Amino acid sequence: MTFINYAAREINCKIVYYGPGLCGKTTNLQWIYDKTNPQAKGKLISLATETDRTLFFDFLPLDLGQVRGFKTRFHLYTVPGQVFYDASRKLILRGVDGVVFVADSQEERMDANLEALDNLQDNLKEHGYDFGKVPYVLQLNKRDLPNVMQVDALKTELVKRGEPVFEAVAFQGTGVFETLKEVARQVLVELKKG
Ligand SMILES: Nc1nc2c(ncn2[C@@H]2O[C@H](COP(=O)(O)OP(=O)(O)OP(=O)(O)O)[C@@H](O)[C@H]2O)c(=O)[nH]1
Ligand SMILES: [Mg+2]
């Protein structure tokens, strides 16, 4: 549901980072915020609990250049991963143009990954989106930890539609911009079709 403001010659797109609790969604946004120059970004707004878990969402507006004379502004959001915040997750998906699913590569988090992925598909459906068509990237995060699953095994469980996959260590920035660029690219391809 891209919003095009013809008067301001601006295209506004919404990208949502989805995934289980503590998988590293907020960390992705923090890295992007820290490494983007001031002219290209707005404020990073985080609504968090006392223990730094996302309570409602994180929000970061980002300018990613021009398309046919229009400034492209990407609004990045994360959802709260904790299971009981489902109403918030659903709300945040409203008007989404692209989704990044951040998976936690640790073996003991596989059930949580699968549950979050099901939840994503359910919530997209409730908004009337087709999960098979929304611009979509899978990020396998926390590759630095010792107890991670092999990439192939993760892909077997988590790849749903032949989507691009990026390995990441979000708190070191590995894979963070690669992930963002790919989902943004897909969103712009959709935009050009429409
Ligand atoms: N070892 C390791 N830790 C990471 C990585 N990415 C994030 N973390 C850590 O994981 C913890 C949780 O990260 P967050 O970004 O807050 O997780 P989240 O997905 O936003 O969690 P919720 O807001 O509760 O859904 C933090 O302590 C991060 O520093 C990574 O690639 N490797
Ligand atoms: Mg968070």
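Reply: The lining of the largest pocket consists, by class, of 11 polar, nine nonpolar and six charged residues. The model is predicted, with pLDDT of at least 70 needed for local features and 80 or more for side-chain atom pairs, while totals for chains, interfaces and linings use all residues. Residues are numbered from 1 along each chain, chains are lettered from A and ligands numbered from 1 as written, and side-chain values use heavy atoms without hydrogens or water.

A pocket here is an open set of points on a 1 Å grid where a 1.4 Å probe fits, with protein on both sides within 12 Å along at least five of seven lines; lining residues have an atom within 4 Å of a point. The volume of the largest pocket is about 420 Å³. It is lined by 26 residues, and Leu-22, Gly-24, Lys-25, Thr-26 and Thr-27 are the closest to its centre. H1 provides the largest share of this lining, four residues, and H1, strand S3 (45-48) and strand S4 (54-67) each supply at least two. Helices are DSSP runs of at least four residues, and strands of at least two.

Ligand 1 sits in the largest pocket, meaning that more than half of its atoms lie within 2 Å of the grid points. Around ligand 1 are 19 residues, the closest being Lys-25, Thr-27, Arg-53, Gly-81 and Asp-144; each has a heavy atom within 4 Å. Helix H1 (residues 25-35) gives the most to this shell, three residues. The shell comprises eight nonpolar, seven polar and four charged residues.

Some polar contacts (N or O pairs within 3.5 Å) can be named. Oxygen atoms of ligand 1 lie 2.5 Å from a polar side-chain atom of Thr-27, 2.7 Å from a side-chain N or O atom of Lys-25 and 3.0 Å from a polar backbone atom of Leu-22.

Technical notes:
Polar contact = N/O pair within 3.5 Å; in protein donor to acceptor, adjacent residues only side chain to side chain. Nonpolar A, V, L, I, M, F, W, Y, C, P; charged D, E, K, R; others polar. Points joined across faces, edges and corners; volume = space filled by probe spheres on them.
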